[in-house]
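Here is a short walk through one model. Keep the sequence and the 3D view side by side as you read.

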Amino acid sequence: MASPPLRGYGVHAFPVLLLLLLLLLLPLRVTPGTTCPTPISIEHADIRVKNYSVNSRERYVCNSGFKRKAGTSTLTECVINKNTNVAHWTTPNLKCIKISPHSSKTTKVAISTSVLLVGAGVVVVFLAWYIKSRQTSQSCPVGVETMEMVPMTVRTSTKEDEDTGA
């Protein structure tokens with residue numbers, strides 16, 4: 001069944017509306033070969049871009065002696081500005097901060113080593129005490145009274161003893 005023509009235009013309404021709807025819903029087309037320029041420079045960080053094409057993602061790396069500040073991101077992405085149809089990199093909020101010479105890792109290692117040494121010292125002291133206490137108890141003679149030689153006699157029971165219950 002043919003769709004009814006628009007009045008006064010002689011065109012079928014449904015295909016035209018469908019085409020307009022598709023044009024509105026389709027994403028902005030990127031010209032083939034569109035790429036992003038060089039990403040912006042971030043203080044104390046470097047980036048090695050592997051792919052400059054639209055939708056590619058890259059990460060900055062903090063220089064030696066610096067680390068990423070917590071809550072900031074190293075990620076940047078090549079995107080298209082829909083108003084100008086120009087590709088650009090998103091701006092990361094990365095902050096690279098100088099690593100403190102007394103970083104928490106160094107402190108944790110020092111504390112762990114101290115705890116280990118103290119624990120080992122306690123074990124050595126305990127073992128020394130235990131060994132000494134065992135040697136002391138074995139070397140101290142306990143006074144044992146000597147028993148005189150008492151002859152042991154075996155008594156045999158007689159019929160009289162059994163009757164009397166002795």
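A polar contact is a pair of N or O atoms within 3.5 Å; within protein, one atom must be able to donate a hydrogen and the other to accept it. Keep in mind that this model is predicted.

Start at T74. It lies in the loop between β3 (66-68) and β4. Its side chain makes a polar contact with the side chain of R59, at 3.0 Å. Is T74 buried or exposed? Buried means under 20% relative accessible area. T74 has 13% relative accessibility, so it counts as buried. Beyond its neighbours within four places in sequence, T74 touches E58, R59, Y60, R68 and L94.

Now move to strand β2, residues 57-62. In a regular strand, side chains alternate between the two faces of the sheet. On β2, the covered face holds E58, Y60 and C62. The uncovered face holds R57, R59 and V61.

Which strands pair with β2? Strand β1, residues 45-47, is joined to β2 by three bridges, and the two run antiparallel. Here A45 stands opposite C62. Strand β4, residues 75-81, is also joined to β2 by three bridges, again antiparallel. R57 has E77 of β4 as its bridge partner.

Last, turn to helix α2, residues 104-139, where L127 lies. L127 belongs to a nonpolar surface patch with V123, F126, W129, Y130 and I131. Together these residues have about 650 Å² of accessible area. L127 itself counts as partly exposed because its relative accessibility is 44%.

Technical notes:
Residues are numbered from 1 along each chain as its sequence is written. This is a predicted model: local features need pLDDT of at least 70, side-chain atom pairs count only at pLDDT 80 or more; totals for chains, interfaces and linings use all residues. Side-chain values use heavy atoms; hydrogens and water are left out. Patches are made of residues with over 30% relative accessible area and no salt bridge: like charges are joined within 9 Å, nonpolar side chains (Val, Leu, Ile, Met, Phe, Trp, Tyr) within 5 Å. Accessible areas come from the Shrake-Rupley method with a 1.4 Å probe; for residues, only the protein chains shown count as cover. A salt bridge is a side-chain nitrogen of Lys or Arg within 4 Å of a carboxyl oxygen of Asp or Glu. Helices (H or I, at least four residues) and strands (E, at least two) are DSSP runs, numbered from the N terminus. Buried means under 20% relative accessible area, exposed over 50%, partly exposed in between (1.4 Å probe, protein chains only). Two strands pair if DSSP finds at least two bridges between them. Contact means heavy atoms within 4.5 Å.
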